[in-house]
Amino acid sequence: MKIIPLIAAAFISLHSAHADWVIIQKVTTDQAKDTLMTIKTKDGKSRMDMGDQMSLMLDSTTGDSTMFMHPQKMMMRLSADSMKGIMAMAAQQLGNEPAAKPTATGQKEKVGEYECEIYTWTGKLGAGKFWVARDFPNAKELNEIQDNMTKSLGNPMASLVPKNTDFPGIVVKSEMEVMGKKNISELVSAKQEPVSNDIFVAPQGYQEMKMPGLPGK
């Protein structure tokens with residue numbers, strides 16, 4: 001699955017009709033140490049843990065989110081209105097051109113246990129290569145999960161890079177360079193399994209830091 005390299009893209013918004021999911025990806029940015037990213041979703045709530053350094057949680061019914069910085073034991077709450085303001089400012093800088101669609105190369109390659117078709121993409125912000133497994137179970141639901149990462153927060157980059165639903169299956173591996181940053185992502189596992197509500201509770205002992213005000217506010 002592809003990863004959009006903005007912090008807001010880490011969030012996931014789900015409709016309650018979706019089952020509980022646990023998705024694990026291996027992510028490498030600019031040749032840094034590999035990070036395991038674990039995404040858990042349940043009843044319109046989602047949590048993403050990036051190794052043991054940071055976690056992000058979102059309640060899609062309210063649009064409110066919380067960021068946890070574990071080494072510092074700090075947390076920051078982000079209201080839906082605040083995030084929309086940030087995204088609106090970013091949109092002014094990025095423009096609103098629709099993303100170019102990915103192109104099938106006709107090449108095939110196996111990634112793990114999956115036979116994949118290779119797609120490429122070139123757009124305003126960068127370029128990418130994608131390995132797509134057509135026969136991945138529950139591909140439609142998983143693609144909706146990935147696309148809702150940006151939809152719920154109005155991330156302006158959503159219109160500038162390919163959507164997961166632009167592909168005829170699941171992107172199990174991607175190599176992207178966007179805005180000068182190289183990102184490699186590879187799916188480790190994606191399973192429907194029970195997710196406890198306990199993971200959506202803020203840990204004790206964390207100090208809350210206020211979100212900086214927006215210019216002009």
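**Close-up views of a predicted model**

**View 1. The pairing of strands β4 and β5 around Leu58.** Leu58 has Ser65 as its bridge partner in β5, in a model that is predicted. Strand β4, which covers residues 54–59, and strand β5, which covers residues 64–69, run antiparallel and are joined by six bridges. In general, the strands of a sheet pair through backbone hydrogen bonds, either parallel or antiparallel.

**View 2. The open sheet of 12 strands.** The strands follow the order β7-β8-β9-β10-β11-β1-β2-β3-β4-β5-β6-β12, and their pairing is mixed. The edges of this sheet are formed by β7 (103–111) and β12 (207–208), each of which pairs on one side only.

**View 3. Pro137 in the loop between β9 and α2.** The loop that holds Pro137 lies between strand β9 (126–133) and helix α2 (139–151). Pro137 has a relative accessible area of 46% and is therefore partly exposed, since this value falls between the 20% and 50% cut-offs. When its neighbours within four places in sequence are left aside, Pro137 is in contact with Tyr114 and Leu142. Between Pro137 and Ile170 the C-alpha to C-alpha distance is 8.8 Å, although 33 residues separate the two in sequence.

Conventions: Residues are numbered from 1 along each chain as its sequence is written. This is a predicted model: local features need pLDDT of at least 70, side-chain atom pairs count only at pLDDT 80 or more; totals for chains, interfaces and linings use all residues. Side-chain values use heavy atoms; hydrogens and water are left out. Helices (H or I, at least four residues) and strands (E, at least two) are DSSP runs, numbered from the N terminus. Buried means under 20% relative accessible area, exposed over 50%, partly exposed in between (1.4 Å probe, protein chains only). Contact means heavy atoms within 4.5 Å. Two strands pair if DSSP finds at least two bridges between them.
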